[in-house]
Amino acid sequence: AVVSTQSGHYGRGGPWVDFVHGSASSKYNEKGSADSPATWYISIGHMTDGDTWASSEGFPPLDAKHVKGMSNAVAGLDTAVFGAPPPGYTFTRVIPCDNCEILTGKSKTVPGRLILVGRTTGTVAVALIDIANTNKGAEGVALDAFGFAIDQAVASGI
């Protein structure tokens, strides 16, 4: 059963959004539960200046300074995002995955929304994941799926 969706993309570099989304959602579908369907929103941008190049339809705008701060937290360069996150979000930690690190957080305003951030070869990817019937198992599957997608993006030179 399909448990993950995305409604499309806009902007320059849309295929990268589709690649990261496809990798993550396929892994989530493989490991996830039909009781916890998820909708994924992906944004791809410049990892050092925070400019967004492309994002899923419905991805809310994030200020470049916040994207840069999240990217720097993933790289271990700056931890300010933990004390001053983008409005409406809170971050808890950076988690090592197989071949990458993922910044993890949650929305303060949208129930069940996770925010995950990872760096690829030359980009920063931000995932907003709306999980129905969220639980620690579904959150763990989403984290694993996004880590897998980042690994796949790095392997593909994105």
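Begin by selecting β3 and β8, two strands that run antiparallel and are joined by nine bridges; strands are DSSP runs of E with at least two residues, helices are runs of H or I with at least four, both numbered from the N terminus, and two strands pair if DSSP finds at least two bridges between them. The model is predicted, so that local features need pLDDT of at least 70 and side-chain atom pairs count only at pLDDT 80 or more, while totals for chains, interfaces and linings use all residues. Residues are numbered from 1 along each chain as its sequence is written, and side-chain values use heavy atoms, with hydrogens and water left out.

**The nonpolar cores**

A nonpolar core is a set of buried Ala, Val, Leu, Ile, Met, Phe, Trp, Tyr and Cys residues joined through side-chain atoms within 4.5 Å. The largest one has 28 residues, and those with the most contacts inside it are Tyr-28, Trp-40, Ile-129, Ile-131 and Phe-146. To see where they come from, colour α1 (14-31), β3 (38-46), β7 (113-119), β8 (123-131) and α4 (136-155), each of which supplies at least two residues of this core; α4 gives the most, with nine residues.

Select Phe-146 next, and look for its contacts (heavy atoms within 4.5 Å): leaving out residues up to four places away in sequence, Phe-146 touches Val-20, Ala-24, Trp-40, Ile-102, Leu-116, Val-117, Gly-118, Ala-125 and Ala-127. Apart from this core lies another, of 17 residues, including Tyr-41, Val-74, Leu-103 and Val-124.

The structure holds two aromatic pairs, counted when the ring centres of Phe, Tyr or Trp (its six-membered ring) lie within 6.5 Å, with planes under 30 degrees apart called stacked, over 60 edge-to-face and the rest tilted. In one of them, Tyr-28 and Trp-40, the ring centres are 6.0 Å apart and the planes at 75°, so the pair is edge-to-face. It links distant parts of the chain, with Tyr-28 in helix α1 and Trp-40 in strand β3, 12 residues apart. Tyr-28 is buried at 0% relative accessibility, and Trp-40 is buried at 0% as well.

Stay on helix α1 and select Ser-23, a buried residue with a relative accessible area of 12%. Beyond its neighbours within four places in sequence, Ser-23 is in contact with Phe-148, Ala-149 and Gln-152.

**Last stop: a loop**

Finally, select Asn-133 in the loop between β8 and α4. Its phi is near 55°, a positive value in a residue other than glycine, and Asn-133 is exposed, with a relative accessible area of 56%.

Key:
Buried means under 20% relative accessible area, exposed over 50%, partly exposed in between (1.4 Å probe, protein chains only).
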